[in-house]
Amino acid sequence: MAIEIASTSVFDVQAERPRPKDVGILAMDMYVPKRCVSEEELEVFDGVSKGKYTIGLGQSYMAFVDDREDINSIALTVVSSLMKRFDIDPRSIGRLDVGTETIIDKSKSVKTVLMDLFKECGNHDIEGLDSKNACYGSTAAVQNATNWIESRSWDGRNAIVFTGDIAVYAKGGARAVGGAGACAILIGPNAPLVFEPIHGTYMANTYEFYKPNLHSEYPTVDGPLSVSTYIAAMDAAYSAFRSKVATATKSFNPSAIPETEAGNKVDEKSVFSLADVDYPVYHSPYGKQVQKGHARLLFMDYLSAPHKPKFANIDPSFLDLPYPQTINSKEIEKSFMALSKADYAARVSLSMRCASRCGNMYTASLYGGLASLLSTVDAATLKGKRISMYAFGGGCASTFWTMRVKGDVSEIAKKMDLLKRLESMDVVSCEEYTEGLQLREDNHNLAPYQPQGDIKNIWPRAFYLDGIGSMFRRKYVQA
Ligand code: ACO
């Protein structure tokens with residue numbers, strides 16, 4: 001039997017509903033582990049030269065968890081905490097997307113585990129599943145949730161994104177750039193923090209950071225290649241973004257792009273620059289990489305407008321270098337690091353509070369950056385400002401995009417209470433950190449398994465792994 005309302009089907013009515021406005025972030029919460037280790041102490045413990053981790057890699061502390069926590073328990077902790085802190089009715093959620101690269105099951109999604117939080121109220125009508133590609137899955141999840149709300153299938157409810165990871169590396173050079181942490185985001189219309197519609201994306205098939213060994217949590221990494229891929233992908237994503245802004249600007253206002261003396265339009269890439277952003281936020285594998293990334297975007301601005309006074313002291317021979325040679329050029333990196341140093345301190349360092357306490361949180365790093373910014377700059381100052389986001393995941397996927405603070409974000413910052421929570425983490429010995437990681441390594445994928453980590457290292461009300469049965473079924477309880 002056809003479902004009709006007068007001559008129009010209900011499906012047409014649904015499709016023609018007014019589109020939601022100002023879709024963006026309504027609420028946010030972070031999960032930070034209870035324990036972290038000092039990178040300064042780790043330099044001594046690992047026997048590397050003083051300053052290698054703290055100055056060379058720009059690291060301060062690194063969070064970690066032992067075998068009592070996994071990606072499911074962390075997801076349960078932060079999503080339940082988001083709902084509690086912001087008094088979210090679980091029936092008001094129509095979509096839940098997950099972005100993580102911490103894989104404990106090749107089939108069953110983390111999302112399905114999170115459905116336990118909606119069981120009591122009987123809400124099983126929640127779309128969305130897991131997105132995976134290294135540190136980029138979070139941004140794919142945010143895009144999926146946003147696109148659902150802006151689509152014809154939207155049913156009027158809000159979406160939640162969970163993103164987080166346990167970032168661990170095998171013993172050796174990369175171990176100092178690990179970390180852990182997670183973020184939960186409530187997305188919906190009429191938000192104080194609104195997503196802007198233009199994205200510049202670069203994706204390609206590269207092999208610099210991947211996890212082909214399913215018997216281990218550790219990635220396979222080509223360190224130097226991962227660093228140059230981060231930069232090359234950033235160049236391409238930023239250029240794609242600027243081209244789209246230029247195209248949109250032209251169709252919006254054809255006279256907006258100035259003529260050159262020869263009568264041709266100037267390079268369209270010159271339309272958007274870092275000066276159009278108030279607070280740039282970057283995916284942070286480690287502190288130094290963010291400084292280098294910010295410097296790199298300034299170099300991209302230089303390439304399209306070298307005549308600007310701020311570039312007066314830059315060596316003009318950089319303009320003659322073939323582009324591929326610029327990626328690993330230490331001279332370019334050094335010049336633009338120096339030029340952007342004060343700007344980094346004024347605008348970028350504000351988003352580094354989570355990263356400097358928790359280290360790399362993989363998918364959650366970029367959103368931990370955003371949470372740090374909201375916690376560091378007061379809401380009145382943030383109002384009206386534009387924030388740029390650079391998402392990157394090895395393998396590789398990257399997007400440069402922006403959001404606008406349209407409303408009052410003070411409630412988000414207040415309820416998140418992030419800085420106090422970062423401060424209250426326990427700084428423990430390097431021995432304890434190493435034992436924690438060893439427990440994870442020795443017992444990875446075992447079943448049946450009884451976790452050995454002490455539950456005194458779990459925050460009150462956080463979820464933790466109680467045990468794994470002989471059929472690999474995991475049981476979680478709340479502290
Ligand atoms: N004092 C001050 N600086 C020092 C010291 C010291 N005692 N010792 C070394 N440094 C500097 C080096 O000069 C170097 O500086 P530079 O980057 O400006 O050239 C920096 O510290 C790092 O030193 P390296 O010897 O290059 O360090 P390492 O060989 O350990 O490699 C790397 C660093 C590649 C980041 C490694 O930690 C790694 O593989 N990490 C994992 C992958 C990663 O995070 N990649 C980033 C992209 S995003 C991602 O894929 C997760």
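Hi everyone, let's start with an open sheet of 3 strands, in the order 5-4-16 and with mixed pairing. Strand 5 (61-64) and strand 16 (426-428) are the edge strands, and each has a single partner, so one side of each is left without a neighbour in the sheet. On average, neighbouring strands here are turned by 40° against each other, direction ignored. Please keep in mind that this is a predicted model.

Within the sheet, strand 4 (residues 35-38) pairs with strand 16 in the parallel sense, over 3 bridges.

Helix 2 (residues 39-46) lies across strand 4, strand 5 and strand 16, and runs at about 60° to strand 4. Helix 17 (residues 430-443) also lies across strand 4, strand 5 and strand 16, running at about 40° to strand 5.

On to the ligand. It is surrounded by 21 residues, and the closest are Ser49, Lys50, Ser226, Lys292 and Lys330. By type, the shell divides into 10 nonpolar, 6 polar and 5 charged residues. Which helix gives the largest share of the shell? That is helix 3, with 3 residues. Helix 3 (52-56), helix 8 (223-252) and helix 11 (330-348) each supply at least two shell residues.

The side chain of Lys52 has an N or O atom 3.0 Å from a ligand oxygen. The protein covers 70% of the 1000 Å² of accessible area that the ligand has on its own.

Thanks, and happy to take questions!

Note on methods:
Residues are numbered from 1 along each chain as its sequence is written. This is a predicted model: local features need pLDDT of at least 70, side-chain atom pairs count only at pLDDT 80 or more; totals for chains, interfaces and linings use all residues. Side-chain values use heavy atoms; hydrogens and water are left out. A residue is near a molecule or strand if one of its heavy atoms lies within 4 Å of it. A polar contact is a pair of N or O atoms within 3.5 Å; within protein, one must be able to donate a hydrogen and the other to accept it, and residues adjacent in sequence count only if both atoms are side-chain atoms. Accessible areas come from the Shrake-Rupley method with a 1.4 Å probe; for residues, only the protein chains shown count as cover. Helices (H or I, at least four residues) and strands (E, at least two) are DSSP runs, numbered from the N terminus. Ala, Val, Leu, Ile, Met, Phe, Trp, Tyr, Cys and Pro count as nonpolar, Asp, Glu, Lys and Arg as charged, and the others, Gly among them, as polar. Two strands pair if DSSP finds at least two bridges between them. Axes are lines fitted to C-alpha atoms, for helices over the stretch in contact, and angles run from 0 to 180 degrees between N-to-C directions. Contact means heavy atoms within 4.5 Å.
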